[in-house]
Amino acid sequence: MNKYKKLAMNTVVFAIGSFGSKILVLLLTRLYTSNISPADSSTKELLEITANFLIPIFTFSMTDAIIRYGLDKRYNRHQVFTSACCVTCGGLVLMFILAPLMRLVSFLDYIDGYTILLLVYVCTSSFRSLCSQFVRARGMVKLFSFDGILTTLTLFIFNIIFIAGLDMGVHGFMLSVILSDFLSAIFLFIVARLYEFLNIRYFSKSLAKSMLRFSVPLIPTAVMWIITGFSDRLFIRYMSSDKVELGEAAAGIYGYATKIPNLISMVSNIFFQAWNMSAITENDSKDRSNFYEKVYSSYQSIMFIAAAFLIAGVQIITPIFISTGSYSEYSEVYLYTPILVIAVLFMCFNQFLSSIYTATKHTKNSFWTSLVACGANIILNIILIPNLGIQGASIATLASYFICYCIRIFDSRRYVPFRVDNVKFIVNTLVLFGLCYAVIAKPTYYPLYLVCGFLFMIACNYQAIFVMVKKLLKKQ
């Protein structure tokens with residue numbers, strides 16, 4: 001099987017496992033908007049982000065190391081899994097020791113009443129990630145995908161019980177995630193026989209150090225991306241303005257405005273799971289640069305078309321996932337979605353380029369490029385949110401991801417040189433901005449503009465997709 005077919009087959013497997021589960025998660029958004037107020041939704045979003053902030057710090061990003069080293073045949077997988085688990089356990093113990101210090105941070109007041117749940121959330125999510133990524137590193141992609149479906153199904157059931165049934169609100173959400181992640185970790189540990197790879201005698205001090213050298217630069221990288229999303233909500237929640245309405249409710253609306261753009265992220269993550277494996281295994285191949293060029297060109301084209309579709313259809317798509325029956329404030333969500341769609345698009349491109357740093361072990365570059373984006377985001381939030389409100393946060397996010405992309409598209413290709421069509425990129429981006437204007441400003445005949453813009457995007461991008469299809473149809 002050639003490398004293109006292998007990538008395509010893995011993508012299909014991940015898509016089967018992920019698509020249904022991701023749709024269920026989006027449908028849960030209706031459950032949340034029907035049962036949780038905008039203010040409490042803001043707390044829920046912030047708790048999620050805080051957990052995602054703590055995970056890479058106190059697990060030392062071992063989930064990234066376990067896939068990189070687990071796929072590399074030069075390393076013993078028993079040592080990889082055991083060493084990663086030992087390092088993770090040490091980090092989580094440290095988290096519990098330092099947890100009381102969180103009470104000293106004034107803007108973390110929203111964790112009051114949720115501290116224990118938050119810490120347990122971090123633990124169960126961390127061990128679930130370790131197990132699932134090691135399963136993927138062993139090439140058990142079907143089991144990995146099945147677990148994704150099973151985990152989301154249990155999450156869906158627990159949410160219905162705790163939120164819709166028992167009216168437990170944010171507490172119910174936290175319990176649902178904890179239980180679904182715990183069951184997933186146990187399921188994988190037993191079915192994939194991970195216990196055979198976990199034994200203290202397999203622990204390798206030298207391998208653990210090597211994995212830490214690889215993963216530690218990824219900690220600030222992950223943290224920077226989280227801060228980029230975290231700061232938006234904090235600024236909206238806590239800043240004051242005479243020009244626009246801010247506060248808890250506005251932060252909750254912004255949180256749900258990110259849900260539809262996450263469809264783009266969903267498509268990208270399905271592909272990225274397969275691509276990351278190919279990037280690592282093909283890192284030493286002779287035609288590596290050509291492989292990157294063909295894959296990136298078709299990936300970029302698919303993503304631009306998907307983004308155009310979401311922006312053009314945002315007024316139709318949003319009510320499917322977000323209920324406005326209980327809280328009318330949610331009816332404004334679609335106005336902030338188009339800019340965030342483009343922001344997430346650039347985030348996905350950045351993710352693709354980060355795979356070069358991972359495959360070539362230049363993870364420090366991931367850190368400093370993310371640091372630039374994070375700094376830009378915070379500065380722009382301070383400037384734009386008091387004047388433009390929620391839309392200011394959307395613009396700040398877009399600008400920071402775009403700055404990171406501009407740096408990475410030049411920096412990453414120093415390690416894997418491959419050609420990109422910058423002219424087509426600029427044209428596609430301008431068309432997306434035109435679609436955003438049509439949705440937000442609603443000029444005369446704007447539905448016609450949306451249809452024409454979407455059709456133009458297809459015409460501009462179909463060729464790269466066609467070339468990739470021809471590659472896949474080749475017998476060799």
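What share of the contacts in the protein chain with a separation of 6 or more is accounted for by residues 24 or more positions apart? With the whole chain of this predicted model on screen, the figure to keep in mind is 84%, counted over contacts with a separation of 6 or more.

**The whole chain**

If you then colour the 476 residues by accessibility, 58% of them count as buried.

Next, colour by confidence, for which the chain averages a pLDDT of 80, with 82% of the residues scoring at least 70. Select residues 3-35, helix α1, where confidence is lowest, at a mean of 63, and then residues 422-441, helix α17, where confidence is highest, at 90. Where pLDDT is low, the predicted coordinates should not be read in detail.

**Helix α4 and T88**

Move on to residues 77-98, which form helix α4, and pick out T88 within that helix. Is T88 buried or exposed? T88 counts as buried, because its relative accessibility is 0%, below the 20% under which a residue is called buried. Displaying the surroundings of T88, and leaving aside neighbours within four places in sequence, you will find F58, T59, M62 and L130 in contact with T88.

**Helix α11 and S268**

Now select residues 262-281, helix α11, in which S268 has its place. S268 likewise has a relative accessibility of 0% and therefore counts as buried. Which residues does S268 touch, not counting those up to four places away in sequence? They are Y299, M303, C348 and Q351. To follow one further relation across the chain, draw a distance between the C-alpha atoms of S268 and M347, which are 79 residues apart along the chain and yet separated by 9.7 Å in the model.

**The pair α15 and α16**

Finish with two helices shown together, α15 at residues 363-388 and α16 at residues 390-411. Two packed helices are described by the angle between their axes and the distance between the axes. For α15 and α16 the angle is about 155°, and the axes lie 7 Å apart. That angle makes α15 roughly antiparallel to α16, since angles over 145 degrees count as roughly antiparallel. Colouring the residues of the contact of α15 with α16 by type gives 16 nonpolar, ten polar and two charged.

Terms used
Residues are numbered from 1 along each chain as its sequence is written. This is a predicted model: local features need pLDDT of at least 70, side-chain atom pairs count only at pLDDT 80 or more; totals for chains, interfaces and linings use all residues. Side-chain values use heavy atoms; hydrogens and water are left out. pLDDT is the predictor's confidence in each residue, from 0 to 100. Helices (H or I, at least four residues) and strands (E, at least two) are DSSP runs, numbered from the N terminus. Axes are lines fitted to C-alpha atoms, for helices over the stretch in contact, and angles run from 0 to 180 degrees between N-to-C directions. Angles under 35 degrees count as roughly parallel, over 145 as roughly antiparallel, 65 to 115 as roughly perpendicular and the rest as oblique. Ala, Val, Leu, Ile, Met, Phe, Trp, Tyr, Cys and Pro count as nonpolar, Asp, Glu, Lys and Arg as charged, and the others, Gly among them, as polar. Buried means under 20% relative accessible area, exposed over 50%, partly exposed in between (1.4 Å probe, protein chains only). Contact means heavy atoms within 4.5 Å.
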